[in-house]
Amino acid sequence: MILLQIIVVGLLIGAVYALFSAGLTLIWGMMNVINFAHGEFVMIGMYVAFVVVTYLHGGPLAFGASAAILLFLLGLVVYLGLIRHIMRGPMIAQILSTFGLALLLRYSAFWIFSANFKTLPDNIIPGTLNLGGILLGMPQLVAGGVALALTVGMHLLLTRTAIGSQLLAVAEDRNAAMLMGIRPDRMQALAWGLSAAGAGIAGALVATFYPTSPGVGEVFALTAFVVVTFGGFGSVPGAMVAGLLIGVIQSLSAYYFGPVYKDVVVYALFVLILWVRPQGLMGKLAR
């Protein structure tokens, strides 16, 4: 029973991993741009939840919507003000630019909120659910359920709507998309907005059971890169499956080897996957 509970808890946190990693894989697959500031987007979403609850006395719906809107706008600003100008430059320019953005956001959070950990009240999503002897905290259950639904929704947006078809067309061939009347800049700005909004919502969900600090984005960024590489570059379903697997592997590793070793096991598996299947679970080899 304990083992089953550990697996379920791992699936719930893995669903949150899948949500913010899906946004990263969308950017990576569409524009071949590595966003090293993606973890900081999650961190900002966590602080949005803290500010809404602490100073505006809002609930989960309020801070979830606020994080989505503010991070969507931030994603647009980052694309229009930075990414659009460096994406056709050398890869090192993209890496240094997004890494510099990550540092700017992180140390801005240090300046505004200090280095102290912030937590939301325990009663923000109260209660524990007993499913046949498996005890699940409501914050983790709500976070996992909402994150999984939004990740599936992002996949359906890309595969079942006209906007999604335009996004995928730009990802496949920018010049051909332009000949079809699609405006690549508009679609890429939208992709950055969706990616940041997903990260912001994931951060707001995580804040209900995980302490917030300016350095937390670095932890989530590393996890997102593992999930994206594990699932396959540019594959939202791959990110969803990989996120769930990584969550379960982390939970089992923490149980059997201790919490300090859970990331070691994940990174070791990450290296093994790259060695055996470098394109990831659902990715395609470059030609």
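## Helix 6 and its packing partners

In this predicted model, the buried residues of helix 6 pack against helix 1, helix 5 (138-160), helix 7 (174-179) and helix 8 (184-206). Helix 6 itself covers residues 162-172. Its buried residues are Gly164, Leu167, Ala169 and Val170.

Helix 1 runs over residues 2-31. Ser21 lies in this helix. Its relative accessibility is 0%, so Ser21 counts as buried. Setting aside residues up to four places away in sequence, Ser21 touches Ala224, Val227, Val228 and Ala239.

The whole structure holds nine aromatic pairs. In one of them, the ring centres of Tyr17 and Phe20 are 5.9 Å apart and the ring planes meet at 65°, so the pair is edge-to-face. How far apart are Tyr17 and Phe20 along helix 1? They are three residues apart, which puts about one helical turn between them. An α-helix has 3.6 residues a turn, so residues three or four places apart point the same way. Tyr17 is buried, with a relative accessible area of 7%. Phe20 is buried too, at 0% relative accessibility.

A second pair is formed by Tyr255 and Tyr256. Their ring centres are 5.0 Å apart and their planes lie at 75°, so this pair is also edge-to-face. Are these two tyrosines buried or exposed? Tyr255 counts as partly exposed at 45% relative accessibility. Tyr256 counts as exposed at 52%; the cut-off for exposed is over 50%.

## An aromatic cluster and a pocket

Together with Tyr210 and Phe220, they form one aromatic cluster.

Tyr17 and Tyr210 turn up again in the second largest pocket. This pocket has a volume of about 430 Å³. It is lined by 18 residues. Those closest to its centre are Ile13, Tyr17, Tyr210, Gln250 and Lys262. Which helices supply at least two residues each to the lining? They are helix 1, helix 9, helix 10 (236-257) and helix 11 (262-276).

## Thr229 in helix 9

Helix 9 covers residues 216-231, and Thr229 is found in it. At 6% relative accessibility, Thr229 is buried. Where does its side chain reach? It comes to 2.7 Å from the backbone oxygen of Phe225. Beyond neighbours within four places in sequence, Thr229 is in contact with Phe270, Leu274 and Gly280.

## Phe41 in helix 2

Phe41 is found in helix 2, residues 38-55. Its relative accessibility is 0%, so Phe41 counts as buried. Which residues does Phe41 touch, not counting those up to four places away in sequence? The set is Asn35, Leu71, Leu74, Val78, Leu105, Trp192, Ala196, Ala199 and Gly200.

Along the chain, Phe41 and Gly200 are 159 residues apart. Their C-alpha atoms are separated by 5.9 Å.

## The hairpin

Strand 1 (residues 128-131) and strand 2 (residues 134-137) pair in the antiparallel sense over four bridges. Leu129 stands opposite Leu136 in strand 2. In a regular strand the side chains alternate between the two faces of the sheet.

How many residues sit between the strands of this hairpin? There are two. Gly132 takes a positive phi near 60° in the hairpin.

Most residues other than glycine have a negative phi. His57 is found in the loop between helix 2 and helix 3 (60-86). It is exposed, with a relative accessible area of 68%.

Ser114 is not a glycine either, and its phi is positive at about 70°. Its place is the loop between helix 4 (91-113) and strand 1. How accessible is Ser114? At 27% relative accessibility, Ser114 counts as partly exposed.

Methods: Residues numbered from 1 in each chain as written. Predicted model: local features only at pLDDT ≥ 70, side-chain atom pairs only at ≥ 80, totals over all residues. Heavy atoms only, no water. Buried < 20%, exposed > 50% of the residue type's maximum accessible area, 1.4 Å probe, protein only. Polar contact = N/O pair within 3.5 Å; in protein donor to acceptor, adjacent residues only side chain to side chain. Contact = heavy atoms within 4.5 Å. Pairing = 2+ DSSP bridges. Phe/Tyr/Trp six-rings, centres within 6.5 Å; stacked < 30°, edge-to-face > 60°. 1 Å grid on protein atoms, 1.4 Å probe; cavity = no way out; pocket = protein on both sides within 12 Å on 5 of 7 lines; lining within 4 Å. Points joined across faces, edges and corners; volume = space filled by probe spheres on them.
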